[in-house]
There are 4 protein chains.
Amino acid sequence: MKKLNVGLIGCGFMGRTHSNAHHQIAQFFDAPYKTVLRAICDVNEEKAKAFGARWGYETVETDYRKMIARKDIDLVEITTPNNTHAEIAIAAAEAGKMIICEKPLALSVEQGEKMVAAVEKAGVPNLCSYNYRRVPAVTLAKQLIDEGRLGRIFHYRANFLQDWTISTDLPQGGDALWRLDVKVAGSGVTGDLLAHCIDTALWLNGGVTEVCAMTETFIKERKHNITGKVEKVGIDDACSFMCRFKNGSLGLFESTRYARGHKALYTFEINGEHASIKWDLHDPHRLQYFDHRDQSLVRGWRSVHVTDGDMPYMGKWWVPGLTIGYAESFVHQLNDFLVNAAQGKPTAPTFRDALETQRVCERVIESGKDRAWKTV
Amino acid sequence: MKKLNVGLIGCGFMGRTHSNAHHQIAQFFDAPYKTVLRAICDVNEEKAKAFGARWGYETVETDYRKMIARKDIDLVEITTPNNTHAEIAIAAAEAGKMIICEKPLALSVEQGEKMVAAVEKAGVPNLCSYNYRRVPAVTLAKQLIDEGRLGRIFHYRANFLQDWTISTDLPQGGDALWRLDVKVAGSGVTGDLLAHCIDTALWLNGGVTEVCAMTETFIKERKHNITGKVEKVGIDDACSFMCRFKNGSLGLFESTRYARGHKALYTFEINGEHASIKWDLHDPHRLQYFDHRDQSLVRGWRSVHVTDGDMPYMGKWWVPGLTIGYAESFVHQLNDFLVNAAQGKPTAPTFRDALETQRVCERVIESGKDRAWKTV
Amino acid sequence: MKKLNVGLIGCGFMGRTHSNAHHQIAQFFDAPYKTVLRAICDVNEEKAKAFGARWGYETVETDYRKMIARKDIDLVEITTPNNTHAEIAIAAAEAGKMIICEKPLALSVEQGEKMVAAVEKAGVPNLCSYNYRRVPAVTLAKQLIDEGRLGRIFHYRANFLQDWTISTDLPQGGDALWRLDVKVAGSGVTGDLLAHCIDTALWLNGGVTEVCAMTETFIKERKHNITGKVEKVGIDDACSFMCRFKNGSLGLFESTRYARGHKALYTFEINGEHASIKWDLHDPHRLQYFDHRDQSLVRGWRSVHVTDGDMPYMGKWWVPGLTIGYAESFVHQLNDFLVNAAQGKPTAPTFRDALETQRVCERVIESGKDRAWKTV
Amino acid sequence: MKKLNVGLIGCGFMGRTHSNAHHQIAQFFDAPYKTVLRAICDVNEEKAKAFGARWGYETVETDYRKMIARKDIDLVEITTPNNTHAEIAIAAAEAGKMIICEKPLALSVEQGEKMVAAVEKAGVPNLCSYNYRRVPAVTLAKQLIDEGRLGRIFHYRANFLQDWTISTDLPQGGDALWRLDVKVAGSGVTGDLLAHCIDTALWLNGGVTEVCAMTETFIKERKHNITGKVEKVGIDDACSFMCRFKNGSLGLFESTRYARGHKALYTFEINGEHASIKWDLHDPHRLQYFDHRDQSLVRGWRSVHVTDGDMPYMGKWWVPGLTIGYAESFVHQLNDFLVNAAQGKPTAPTFRDALETQRVCERVIESGKDRAWKTV
């Protein structure tokens with residue numbers, strides 16, 4: 001089988017999920033390439049070396065430009081903080097590399113457009129890693145919708161609730177806390193959490209035409225880990241928005257890191273004329289399905305335990321009743337990417353798809369500031 | 001409409017549920033009789049008077065014989081402790097009264113047989129108040145089973161778990177605590193709780209052929225409220241049993257008052273070749289239904305919210321989505337009893353039906369003592 | 001005990017819930033008045049007579065003015081469609097009657113202000129029947145919040161989802177369908193459903209300072225039952241809004257009658273610094289409570305089965321584990337009203353409290369039309 | 001780091017779970033050995049080669065004796081059908097290899113005793129793979145019990161319900177269906193499913209003193225895949241048993257492959273004087289915990305989402321809220337085994353521990369046949 005050399009940039013949480021996918025794929029899927037963990041790259045050399053040793057990368061780099069320049073790298077994976085995606089991805093595209101970039105695509109639509117232009121000009125396979133699309137229950141939701149089971153859609157609602165930044169003592173910036181630093185993250189919950197909700201929504205329910213948002217920063221100042229000073233917090237701690245979809249349905253989205261009791265509660269629900277669907281990341285192996293066409297006496301929300309062999313991706317894993325976890329969604333994503341790449345086909349969400357999510361996010365942030373509806 | 005004079009004996013918890021049924025029935029159902037609360041009876045005159053005043057009984061008695069002798073009483077309701085059921089019911093039958101008797105029917109099969117003989121000789125309408133049959137979700141379960149949806153039955157399991165007697169300081173006997181006094185109650189959880197489970201099982205799944213039980217009294221001695229002395233506890237604190245049904249299915253039952261965290265968790269589940277059903281008294285308005293004939297991708301346990309107008313009894317109450325409570329099952333029972341009585345039809349569970357439950361309970365207690373299988 | 005004569009106007013669904021409260025109160029509570037169902041009133045005489053017969057009203061009226069003029073009426077209950085509340089309530093106030101009026105208070109803030117002025121001028125006890133405040137789990141939520149358990153509040157979210165108007169064949173107007181006729185109802189889901197959510201929110205979380213809403217009418221035309229013609233639908237089929245509370249927290253509300261799978265799913269959740277609370281009308285006897293101060297290894301959402309004797313109102317009903325239903329909330333409301341009236345105290349929500357809910361609803365509708373934030 | 005060469009026998013479902021553990025361990029844990037997949041062995045050479053290629057085994061064997069004789073094998077893993085465990089394990093012990101053997105330990109107590117004697121004589125690290133002990137929520141349950149939070153234990157109940165053998169068309173024997181062939185499996189649900197329940201119970205609640213069981217074979221004859229003939233089914237399709245534990249608590253266990261609607265529903269619940277615990281394999285990342293010492297108004301079952309870094313094993317994986325799956329329990333097991341082996345310590349469940357489970361299973365099967373209580 002043809003080998004595909006991987007160079008991964010960024011040694012944080014997402015670096016681990018992407019690396020793990022390479023460790024698991026060959027045993028469970030029949031991808032057309034055998035991926036090789038050729039190079040790990042991080043500006044912090046010590047960190048890169050330790051990460052490389054643990055994950056089995058053959059070489060270590062500290063300058064992404066150098067890594068991208070190497071001929072023995074076929075696929076570049078970008079798992080660095082948001083403010084570096086554009087620069088790295090454009091360089092990788094210009095070098096003709098395949099690219100998998102963590103979400104959100106960029107800091108702005110403007111950056112995103114350049115990235116799209118770059119990958120499309122280069123004609124390289126590209127993917128923005130909105131991994132939740134490939135949780136089997138979510139993929140099943142897409143399948144049920146595509147079969148037309150829901151009929152005309154009336155409502156889409158989603159939220160992504162967390163509670164890890166409630167303490168006023170939590171600093172911002174640096175390492176694990178760059179997500180609180182607006183210069184690095186671009187935004188707060190909008191780019192980090194709502195972006196996931198929006199990506200899924202665009203996929204399941206089509207385009208958004210307009211949005212109206214409310215944003216808030218509950219803790220106005222936090223110590224900055226890098227400067228050591230108490231600085232203004234620039235991110236949105238919470239963001240809600242209403243929207244309208246092209247198909248005439250209404251959307252309602254909310255995200256926050258101040259919802260005590262929720263660790264990573266990403267939920268969505270879609271209500272159609274005939275049927276409805278609900279999903280929840282805290283119990284990701286279940287899909288709730290209601291079908292009004294059931295006989296009235298036995299009509300109710302069905303809790304589908306998405307672990308059978310005929311369900312998306314599940315035939316590759318264990319047996320009915322036995323679950324997979326969060327990390328497996330990245331394995332599915334990688335496999336789909338490789339299968340499509342081998343056939344010259346794009347894998348959604350491409351950079352272009354992710355740009356649409358970026359656009360919605362940007363309008364949401366603007367709407368929050370201007371307190372007005374914004375056309376997408 | 002014809003009036004029906006009611007004489008109720010016993011002013012405890014069950015006296016309240018039965019009286020409430022008379023207060024609610026006329027506004028929600030169209031029973032063929034207008035019931036009149038003519039007489040309340042309790043050996044404790046003060047209690048009887050207070051209860052009578054609160055619940056609107058027209059007269060008060062302290063001797064049940066006297067009340068039964070009255071010509072202006074048509075229906076006798078027995079809500080006294082278990083050890084008095086037989087005597088009162090037989091007297092009422094001999095006086096030609098209609099009878100509704102709280103469960104369990106009696107202290108023993110021997111007593112129960114005499115009660116059955118008495119009501120059948122007298123030809124009076126008679127009912128043993130196993131009220132859970134008439135919780136709408138349970139009635140719906142019966143309907144689904146009768147429609148043959150489940151196919152061949154393999155398993156029936158039920159339990160009734162409580163936690164209110166765990167403290168060693170709790171005394172036995174007297175008033176609210178007669179249920180812990182074996183002389184008054186006859187048995188512990190078997191007659192109090194398992195009897196409910198068995199009644200439902202016989203109704204939904206047919207007769208039991210043999211049982212094998214394990215019983216235990218965790219707290220061996222408790223102060224007795226009447227004697228004031230610490231006395232041996234004679235009741236079963238916990239009882240489990242395995243059984244076989246006539247239809248070839250296997251049964252598993254458990255009851256205890258030592259299951260920390262459960263207030264009155266009566267649950268049952270029945271597994272058939274094609275479909276299964278589950279119910280739970282803590283969320284009594286929901287029926288869980290699984291049908292294997294559903295398409296595999298959308299197959300799951302359905303949570304049916306039993307509040308629609310086409311569901312058993314629910315058309316009489318409010319609107320879809322709005323629940324009724326525990327007490328309404330007694331209203332349903334009373335209405336069915338009156339409708340059938342007017343037409344000369346029996347209402348299940350009759351004393352004869354309840355005798356079968358008594359028989360299973362008795363074999364269960366014997367099996368627990370002898371540590372051996374018992375034929376029912 | 002002092003008698004209190006009741007005159008009730010309107011024989012629909014709400015007429016039943018209010019009448020039922022009078023039938024149940026004396027057996028379960030110790031109110032300072034014995035209420036007497038003295039007169040029922042409906043413009044449809046036949047309906048009034050049948051209703052009066054079933055519910056035990058002593059007399060029948062067809063003109064509310066006549067009924068209000070009667071000296072033997074102490075308490076007027078208004079359960080007619082929304083467009084009649086103001087006129088009747090003002091007349092009742094001027095006649096010096098106590099008043100319980102179904103929600104929403106009125107068609108508009110303007111009407112509501114006149115109603116408030118009338119009852120305050122007359123000094124009569126007055127209550128707007130937002131019954132969900134007195135579901136025990138909701139009352140318990142209020143108690144937990146008042147104890148300060150939640151700390152600083154960050155988020156309040158609520159929705160009220162139904163699915164009964166999805167069919168395009170459903171007509172509008174007349175009898176049971178006046179809720180779809182804007183001239184009679186004033187608005188659609190905003191006044192019918194969101195009003196409940198707002199009332200609870202104002203009670204639990206304090207005042208709202210500004211709102212921004214999105215409204216939609218999915219089915220634009222329906223046959224009108226009274227005119228017999230296909231007419232434009234004037235109500236809002238769905239309404240979402242974002243808001244800010246005086247305490248600095250953010251609110252998100254949604255209501256619709258197009259959420260397939262939900263019958264009457266009123267849910268709310270409130271997230272505080274230390275603890276969070278959730279409730280759901282489909283399982284109304286449960287309160288979900290999360291407390292971050294629990295030890296981390298055993299920290300989780302607690303499902304509190306609100307049926308114990310020490311929980312709000314529950315000591316009056318049955319025993320732990322056994323539920324009450326929807327209708328009992330009206331009994332609680334009536335009892336609180338009578339207790340307070342006897343002591344010369346107001347009972348919340350008074351007309352003045354309900355006016356605040358009306359104001360929020362009106363701003364919400366305006367915001368939906370103008371597509372802009374509105375100050376409340 | 002020291003290398004440890006692994007030879008694995010058996011290329012079925014369990015061969016995959018064990019192999020996967022070796023693929024994942026190094027990236028997530030810091031085991032004292034680096035395991036090397038040195039040899040795969042299966043009597044079916046083609047199967048062994050394919051499996052070896054997919055899972056990265058360096059060499060292939062078809063005779064387990066030959067593999068065990070190899071000096072370059074340090075750890076033997078046995079994932080073959082039950083009837084081969086004893087022979088292989090004894091040979092491996094005699095060759096001085098470390099051993100991990102799939103459950104159940106053996107076909108009989110007699111076999112098991114020989115296996116225990118062999119490993120203890122040889123002094124080799126040995127483990128019987130009851131993997132569910134190391135699902136984080138189950139490990140957490142053990143921790144809570146060991147802290148004494150539950151107080152005196154009254155009840156232990158567990159069941160393992162499946163529905164995959166209901167069809168009469170399903171054959172027995174050969175490949176994936178050896179679990180239905182009594183000669184190969186030893187028993188049906190008792191050894192396959194109840195063995196898991198018993199292992200967990202002995203671990204969490206201590207020894208069992210006596211059992212009383214009921215067994216059933218619902219489908220009496222099935223075509224045999226190897227002989228091609230319809231043959232009598234020798235396994236138990238369903239098995240329930242009651243038992244008593246040394247600590248005075250009562251046990252109730254049930255397992256079946258005829259519980260329509262359940263794929264692999266392993267649940268257990270333990271009720272103590274102060275607190276109770278529940279767990280369910282269908283939602284394996286949640287532990288239900290009830291503590292009676294909570295304040296009464298906020299007392300309820302807590303749903304603990306076992307994904308935080310301070311919870312057993314979870315600090316090694318992702319972030320709070322994000323789940324792991326079934327397979328990770330084998331990684332935890334392998335890591336514990338290696339850590340202990342390096343320190344010369346046993347890892348539970350050792351063969352001796354598993355022999356106790358075997359003994360309970362054997363008494364259960366005997367009890368089912370003799371219809372009588374059996375001392376363990």
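Me: In this predicted model, what makes helix H1 of chain A and helix H1 of chain D roughly antiparallel to each other?

Reply: The axes of H1(A) and H1(D), the latter covering residues 13-28 of chain D, cross at roughly 170 degrees and come within 11 Å. Angles over 145 degrees count as roughly antiparallel. H1(A) and H1(D) are therefore described as roughly antiparallel.

Me: Why are both an angle and a distance given?

Reply: Two packed helices are described by the angle between their axes and the distance between the axes.

Me: Which residues make the contact between H1(A) and H1(D)?

Reply: H1(A) contributes Asn20(A), His23(A), Gln24(A) and Gln27(A), and H1(D) contributes Asn20(D), His23(D), Gln24(D) and Gln27(D).

Me: How many residues of each class does the contact of H1(A) with H1(D) have?

Reply: There are eight polar residues, with no nonpolar and no charged residues.

Me: What makes strand S16 of chain C and S16(D) a pair of strands?

Reply: Two strands pair if at least two bridges are found between them. Three bridges join S16 of chain C, residues 301-305, to S16(D), and the two strands run antiparallel.

Me: How many residues are in contact between chain D and chain C, and which element supplies the largest share of the side of chain D?

Reply: On each side of this contact there are 16 residues. Helix H6 (136-146) and strand S16 (301-305) of chain D each supply at least two residues of the side that touches chain C. The largest share, five residues, comes from S16(D). By class, this side of chain D has eight nonpolar, four polar and four charged residues.

Me: How do you know that domain 1 and domain 2 of chain A are in contact?

Reply: Chain A is divided into domain 1 (2-132) and domain 2 (133-375), and their centres are 23 Å apart, taken over C-alpha atoms. Contact is judged residue by residue, with C-beta atoms within 7 Å. By that test, 37 residues of domain 1 of chain A are in contact with 40 residues of domain 2 of chain A.

Me: Which elements supply the side of domain 1 of chain A that touches domain 2 of chain A?

Reply: Helix H1 (13-28), strand S5 (98-102), helix H5 (109-122) and strand S6 (126-129) of chain A each supply at least two residues. H1(A) gives the largest share, eight residues. This side of domain 1 divides into 23 nonpolar, 12 polar and two charged residues.

Methods:
Residues numbered from 1 in each chain as written. Chains lettered and ligands numbered in written order. Predicted model: local features only at pLDDT ≥ 70, side-chain atom pairs only at ≥ 80, totals over all residues. Domains from an automatic or database assignment. Contact = placed C-beta atoms within 7 Å. Helix = DSSP H or I, 4+ residues; strand = E, 2+ residues; numbered from the N terminus. Nonpolar A, V, L, I, M, F, W, Y, C, P; charged D, E, K, R; others polar. Axes fitted to C-alpha atoms, helices over the stretch in contact; angles between N-to-C directions. Parallel < 35°, antiparallel > 145°, perpendicular 65-115°, else oblique.
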